[in-house]
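Subject: Structure for your review

Dear colleague,

Please find below the structure that I am handing over to you. My notes on it follow directly after.

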Amino acid sequence: MTKEKALVIVESPAKARTISKFLGDDYTVEASIGHIRDLPTGAKEVPEDVKSKDWAYLGVDVEHDFEPVYIIPSEKKKQVKKLKDLLKNARELYLATDEDREGEAISWHLQQVLKPKVPVRRLVFHEITRDAIQKALQSPREIDEALVRAQETRRILDRLYGYDVSQLLWKKIRPKLSAGRVQSVAVRLIVDRERERMRFRAATYADLEATLATDQGATFTATLVSYQGRRLPTGKDFDPDTGKLKDPQLLLLDETAARRLAEQLEGKPFRVTQVETRQFKERPKPPFTTSTLQQEANRKLGFTARRTMQIAQYLYENGFITYMRTDSTTLSNEAIQAARELVRAEYGDEYLSPQPRQYSSKVKNAQEAHEAIRPAGHPFELPQRLKGQLNDEQFKLFELIWKRTIACQMQDAEKKRVTVTIEADGAVFQASGTTIEFDGFLRAYVEGSDNPEEELAARETLLPPLAERQQLECRQLATKVHTTQPPPRYTEASLTRTLEEKGIGRPSTYASIIDTILRREYVFKKGNALVPTWTAFAVIGLLEEHFPELVDYEFTAQMEDYLDAISRAEKEHLEYLRDFYFGEGKGLKPLLESKTQEIDPRETCRILVGTPTEGEHREEVYVRVGRYGPYIEQGERRASIPDDLPPDELTLEKAVELLDAAAVGEEPLGHCDKTGNPIFVKSGRFGAYVQMVDPEGKEKPKNASLLKGMDPNTLEIETARRLLELPRDLGPHPESGETIVAANGRYGPYVKCGSETRSLPDDLSPLDITLEQAVELLKQPKRRGRTAKKSEPLKMFADSPVTGKPIQLLDGRYGPYVTDGETNASIPRDMSPDELTFEQAVELLAARAAAGGSKRQKATKKKATKKKAATKKASAKKKTTKKKAATKKTPGA
């Protein structure tokens with residue numbers, strides 16, 4: 001008889017493999033692969049018995065205490081069955097999902113679905129090490145119902161907000177837009193910053209920089225700060241909206257005035273009037289939270305928030321670091337001891353802080369029960385020893401965490417700042433220098449730098465020894481002109497920091513929020529900066545005007561406070577949900593009902609750019625967000641907006657320039673030599689194209705994109721005519737007799753014969769390709785496409801825990817992707833395919849499956865379901881026919 005084992009369920013296969021190493025043969029460790037139940041994501045997933053309800057589209061019964069309708073997604077049913085089968089032979093069940101709200105909710109759902117008849121215990125641990133697992137086994141607990149309730153309330157709130165507000169946006173702006181409780185507030189932050197940049201008016205000011213020398217020949221530079229008792233301004237002294245000085249008493253110099261002053265000071269004696277010395281200390285930063293890790297990895301390593309969390313997940317699940325979703329900066333006593341032992345061993349006693357350091361979080365809603373992110377285990381492993389076990393990105397992130405943890409238990413850095421004041425004929429100059437007296441924690445970790453030695457050198461600004469009344473030689477007076485700069489756009493790091501400081505959302509969700517707003521095209525990246533699109537302006541404008549609370553920073557933070565109170569069992573969730581959704585005068589549902597008729601889409605979808613005061617056209621200029629994208633509108637005039645043009649660069653002058661250029665495009669390039677219809681060169685969202693128009697409107701306009709390398713400014717009418725003649729009939733194929741055509745498609749020029757297509761190489765044009773060249777090209781093997789010969793996998797992994805088939809890394813038309821035979825998942829741009837691990841592949845596939853798979857996969861699944869149903873029906877019909885035939889043949893029937 002087989003000995004019964006204990007069943008341990010975790011979220012991911014990687015975590016399962018690591019834990020199984022520590023538990024031995026008496027335990028079976030299996031993964032749930034994330035959540036096994038969720039709210040339905042579409043009408044097809046809504047159970048039949050509730051489809052007729054008014055609230056069915058929400059998946060939440062708002063009429064009966066906001067009861068959620070949970071379903072097991074089809075892609076999770078196989079895994080659920082596997083878990084149920086394993087549970088049949090288990091003596092007890094351990095739910096060892098992550099220790100946060102999501103992990104608690106996964107455990108609760110597992111218990112609800114599996115309905116175990118054996119003892120159930122909840123295991124929680126900060127790190128996946130042998131000691132941590134054994135301690136958890138010795139002190140299991142019950143599922144925390146308050147944590148589960150807080151997660152469920154958050155999920156319901158997000159569904160109510162997301163589904164109802166999104167539907168309004170579809171009606172009033174354009175389809176497929178989305179709104180979210182935290183997502184929309186994050187977009188508002190980015191839009192607000194762009195508005196500041198649009199209002200910004202630059203100011204120019206000048207000063208002088210003196211190169212001074214002592215008697216011993218040592219040189220340094222000093223900057224002019226005042227003249228004849230009047231202080232010179234710096235950038236912060238200007239109003240960013242007007243470009244004017246806030247204090248008119250300041251002395252504003254332009255370049256000419258600064259040069260004139262420099263000439264006056266030539267030959268004048270320069271004398272030191274004051275030397276001020278200040279000693280100060282710099283404390284090490286706290287160990288990492290989720291938010292600060294994302295920020296620092298973005299600044300120092302260039303990782304996106306998503307990439308950081310993917311790598312951190314791998315490091316945690318494989319036992320290298322502690323749990324990576326935390327907003328606490330506290331360290332356990334064991335971790336502090338481990339860090340202090342390493343400081344003593346690696347740097348010496350003089351670098352060890354006199355007392356153990358403990359940090360408390362300063363951000364809103366921090367949960368001190370968790371620990372900061374740190375190396376796992378005791379003692380801490382040295383990074384150099386892990387180089388063979390981690391790839392380059394994993395090693396860099398681990399080293400970052402290791403250094404930050406060690407540094408927090410080191411001595412303060414001791415510094416000295418010297419400020420020198422120099423006077424010459426009423427002109428006052430200042431110079432300052434900083435020296436590091438004792439580097440302390442900076443020896444291990446310097447924030448924002450990869451190399452502490454280089455950063456230490458860069459931070460020190462040395463001044464020669466100087467004394468009051470000392471005479472100096474002025475060797476040069478240079479005029480320096482400065483221009484004020486608009487406030488910087490948010491980066492992923494600064495947006496994460498601001499959201500956390502304001503108490504908006506949870507740090508563990510910031511990576512997915514940034515992903516969402518980029519994917520939904522509310523934001524695009526220019527370098528590292530997050531730039532809002534005009535669609536974001538329209539959406540935020542609508543929400544600010546009609547639903548101000550929903551994007552109010554303080555209101556959103558208060559929602560987070562209330563959800564935290566629910567998790568501590570201090571507040572009741574139903575009261576809050578009722579008030580949020582049905583509240584009199586302010587509830588989401590009555591607000592949406594009253595505003596649906598009130599909101600005018602034409603007003604909502606336009607943003608004023610300005611009103612020209614010169615030229616032929618004096619009407620107001622607007623940006624209008626249309627169904628197919630934004631464009632400029634002035635009376636009857638229209639112009640496309642280039643996709644990569646940031647909103648703050650669309651000034652009134654630029655808008656008028658684009659309108660004028662579009663108007664020039666209204667002059668025909670020429671006429672069709674067959675119909676006589678005019679042919680125009682136009683500019684659209686996706687580039688330049690030619691258009692032939694029937695003046696009488698009897699036929700639809702005919703469009704043709706310009707080929708790669710064609711310049712719309714030098715395009716000739718003959719080339720335009722030939723473009724409009726595409727696709728070209730080249731003649732019959734010499735073997736099949738089927739017609740070969742040359743065309744310019746969505747993915748570039750190609751030739752086609754029957755169902756066979758081939759892309760044209762760069763040296764062949766669809767305007768010039770001959771029949772012979774096309775035939776030769778069609779003989780070549782097809783490189784890509786559904787009917788193409790399958791290429792060899794770039795990499796093969798172990799079998800998928802979901803499908804049981806090998807996971808493969810393939811090179812597709814749109815880049816590398818992984819597949820498990822049923823689901824395909826693209827490799828993110830910031831992830832190296834060469835360094836992709838099995839665990840990362842499983843996570844990517846799980847995320848793609850949870851999102852519903854690709855359109856092609858859905859279509860294939862739908863087709864297979866129909867085929868299965870048809871086969872079943874045909875089989876049933878066949879049986880019925882046979883039965884009838886048999887009945888007829890039976891005597892006496």
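The buried residues of helix 13 (residues 492–501) are covered by elements that include helix 6, helix 8 (290–301), helix 9 (305–317), helix 14 (510–519), strand 14 (523–526) and strand 15 (529–532). The model is a predicted one, in which local features need pLDDT of at least 70 and side-chain atom pairs count only at pLDDT 80 or more, while totals for chains, interfaces and linings use all residues. Residues are numbered from 1 along each chain as its sequence is written, and side-chain values use heavy atoms, with hydrogens and water left out. Helices (H or I, at least four residues) and strands (E, at least two) are DSSP runs, numbered from the N terminus.

Eight of the 10 residues of helix 13 are buried, so this helix is largely enclosed by the rest of the structure. Buried means under 20% relative accessible area, exposed over 50%, and partly exposed in between (1.4 Å probe, protein chains only). The buried residues are E492, A493, S494, L495, T496, T498, L499 and E500. Just after helix 13, G503 has a positive phi of about 75°.

Helix 6 (residues 183–199) packs against helix 13 at an angle of about 120°, and their axes lie 11 Å apart. Axes are lines fitted to C-alpha atoms, for helices over the stretch in contact, and angles run from 0 to 180 degrees between N-to-C directions. The two helices are therefore oblique to each other; angles under 35 degrees count as roughly parallel, over 145 as roughly antiparallel, 65 to 115 as roughly perpendicular and the rest as oblique. Helix 6 contributes A186, L189 and I190 to the contact, and helix 13 contributes L495, T498 and L499. Contact here means heavy atoms within 4.5 Å. Of these residues, five are nonpolar, one is polar and none is charged. Ala, Val, Leu, Ile, Met, Phe, Trp, Tyr, Cys and Pro count as nonpolar, Asp, Glu, Lys and Arg as charged, and the others, Gly among them, as polar.

I turn next to the strands. Two strands pair if DSSP finds at least two bridges between them. An open sheet of four strands has the order 2-1-5-6, with parallel pairing. Its edges are strand 2 (27–31) and strand 6 (120–122), each of which pairs on one side only. The twist from one strand to the next averages 25°. Strand 5 (residues 90–95) is joined to strand 6 by three bridges, and Y94 stands opposite R121 of strand 6. Helix 1 (residues 13–23) packs on this sheet, touching strand 1 (5–10) and strand 2, and its direction makes about 170° with that of strand 2. Helix 3 (residues 101–114) also packs on the sheet, where it touches strand 1, strand 5 and strand 6.

Another open sheet of four strands runs in the order 24-25-26-27, and its pairing is antiparallel. Strand 24 (728–732) and strand 27 (756–759) each have a single partner strand, so one side of each is left without a neighbour in the sheet. Strand 26 (residues 748–753) pairs with strand 27 over four bridges, and K752 has T757 of strand 27 as its bridge partner.

Finally, strand 11 (residues 413–424) is joined to strand 10 (residues 270–282) by 11 bridges in an antiparallel arrangement, with Q279 opposite K416. Strand 11 also pairs antiparallel with strand 12 (residues 427–438) over 11 bridges. These last two strands form a hairpin with two residues between them, and D425 in the turn has a positive phi of about 55°.

Yours sincerely
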